[in-house]
Amino acid sequence: MAGDLTRILSRLIESTGPISLSHFMGEANTHYYSSRDPLGSDGDFTTAPEISQMFGEMVGIWLADMWLRSNGQSDKDMDSPSNRPAYVELGPGRGTLANDALRTMAQFNVAPEVHFIEGSPVLREMQSAVRPDATWHDSVETLPNDRPLLIVANEFFDALPIRQLVATHAGWRERVVVRDGDHFMPLPGSRPMDAAVPETFANAPAGSILETCPAASGIAFEIAGRLAAQGGVLLVIDYGYEQDRLGSSLQAVWKHDKVDPFVDPGERDLTAHVNFAELARMAQARDAYIDGPVDQGAFLKALGIEARANLLMESAPGQQDTISQALQRLVDDDQMGSLFKVMAVRSAGWPEPEGFGKA
């Protein structure tokens with residue numbers, strides 16, 4: 001119920017003092033995703049798979065190609081776990097991406113097991129209607145360990161709780177959330193955090209903000225370890241940045257508009273830009289190989305999304321404008337094309353992937 005989390009967090013702060021921004025964001029998003037379907041025109045935001053089937057089809061082509069060029073040639077015994085991969089999606093929304101990708105993979109005789117990592121009971125119910133063959137998990141730890149993994153994380157890492165450190169005249173402090181009258185607000189905490197700041201940013205001017213996402217780093221580290229042991233790939237698609245940087249990227253979206261992230265926690269989607277450089281470091285620490293990141297538009301074009309759009313328009317002349325607009329939304333630089341990045345993580349022995357500009 002609206003307002004419940006506001007009261008809970010207010011009482012917590014009143015009784016124990018300021019809470020970290022990470023705590024605030026984690027509680028807000030847990031409540032938010034567990035209580036609604038946030039997607040679509042009637043929700044708060046729209047993801048790429050909901051814009052067009054072409055997005056999921058390109059992901060399916062990419063995964064099938066990676067599998068068939070690795071140790072998964074179609075003439076092998078698919079009853080053997082080592083020869084039948086698992087399709088894994090982190091935060092699969094309504095199941096739209098999985099359904100489009102798996103349908104496309106089936107055209108190449110690739111039929112993986114289906115595994116979803118999803119914490120929302122509302123979204124699990126929607127996913128089960130689309131993919132009743134799926135197995136659900138609360139975390140990466142319970143994924144199968146007897147077969148290669150084909151993992152997709154589309155707009156997953158951006159919703160994980162971030163930690164912010166802020167430079168003050170007295171040194172670096174963790175950003176905390178306090179209650180000020182009827183409002184929540186962020187302030188520098190009292191605990192010195194200079195030791196947690198990389199040397200590159202140690203002398204940044206007062207007011208500078210450094211973001212980290214321990215949850216994202218931990219998941220990337222765990223997944224890369226799984227890939228090293230079992231084989232496979234991880235495809236990350238999200239909005240973010242390619243190099244470490246300063247600045248706050250915390251934002252809230254409600255009814256497709258940006259709103260104050262410190263108002264009505266649990267009633268709007270809180271996200272932050274993904275640090276792809278940090279994800280890459282975590283994966284490389286487990287001896288994984290990294291490709292990208294590249295812009296989403298360039299990635300999708302390299303996989304043939306424009307040709308696919310032309311075929312769809314030929315087969316459905318009455319939908320030409322709709323298909324063309326969807327294509328533009330996915331690939332144009334002034335829409336999702338350059339804001340969203342794509343990065344691949346692969347285990348040793350797996351081939352260099354398509355879509356990343358390699359000859």
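User: Which residues of helix H5 (residues 96-106) are buried?

Analyst: In this predicted model, the buried residues of H5 are Leu97, Ala98, Asp100, Ala101, Leu102, Thr104 and Met105. They pack against helix H3 (48-51), H4, strand E2 (86-90), strand E3 (113-117) and strand E5 (149-154).

User: Why is Gly337 called buried?

Analyst: The relative accessible area of Gly337 is 0%, and the term applies under 20%; Gly337 is therefore buried. The residue is found in the loop between helix H11 (320-331) and strand E16 (340-346).

User: What makes Asp295 a neighbour of Gly337 in space, and which residues are in contact with Gly337?

Analyst: Gly337 and Asp295 are 42 residues apart in sequence, while their C-alpha atoms lie 6.2 Å apart. Contact requires heavy atoms within 4.5 Å. Leaving aside neighbours within four places in sequence, Gly337 has such contact with Asp295, Gln296, Gly297, Arg329, Leu330, Val331 and Asp332.

User: Which residues of the largest nonpolar core touch the most other members?

Analyst: That core has 46 residues, and Val59, Trp62, Leu63, Tyr87, Leu235, Phe299 and Leu330 touch the most other members. Helix H4 (residues 53-68) contributes the most to this core, with nine residues. Beyond neighbours within four places in sequence, Val59 is in contact with Leu97, Ala101, Val152, Leu235 and Ile237. Another core, of 45 residues, lies apart from the largest one and includes Leu90, Leu160, Ala272 and Ala288.

User: Which residues of H2 are buried, and what do they pack against?

Analyst: Leu21, Phe24, Met25, Gly26, Ala28, Asn29, His31 and Tyr32 are buried. Their packing partners are helix H1 (4-16), strand E1 (19-20), strand E6 (163-168), strand E7 (171-180), strand E8 (183-192) and strand E13 (269-271).

User: At what angle do helix H7 (residues 214-230) and helix H8 (residues 276-284) cross, and is the crossing left-handed or right-handed?

Analyst: The two axes come within 8 Å and cross at roughly 35°. The crossing of H7 and H8 is right-handed. H7 makes the contact through Ala216, Ser217, Ala220, Phe221 and Ala224, and H8 through Glu278, Leu279, Met282 and Ala283.

User: How many residues of each class make the contact of H7 with H8?

Analyst: By class, the contact has seven nonpolar, one polar and one charged residues.

Note on methods. Residues are numbered from 1 along each chain as its sequence is written. This is a predicted model: local features need pLDDT of at least 70, side-chain atom pairs count only at pLDDT 80 or more; totals for chains, interfaces and linings use all residues. Side-chain values use heavy atoms; hydrogens and water are left out. A nonpolar core is a set of buried Ala, Val, Leu, Ile, Met, Phe, Trp, Tyr and Cys residues joined through side-chain atoms within 4.5 Å. Buried means under 20% relative accessible area, exposed over 50%, partly exposed in between (1.4 Å probe, protein chains only). Helices (H or I, at least four residues) and strands (E, at least two) are DSSP runs, numbered from the N terminus. Axes are lines fitted to C-alpha atoms, for helices over the stretch in contact, and angles run from 0 to 180 degrees between N-to-C directions. A crossing is left-handed if the near helix is turned anticlockwise from the far one by less than a right angle, and right-handed if clockwise. Ala, Val, Leu, Ile, Met, Phe, Trp, Tyr, Cys and Pro count as nonpolar, Asp, Glu, Lys and Arg as charged, and the others, Gly among them, as polar.
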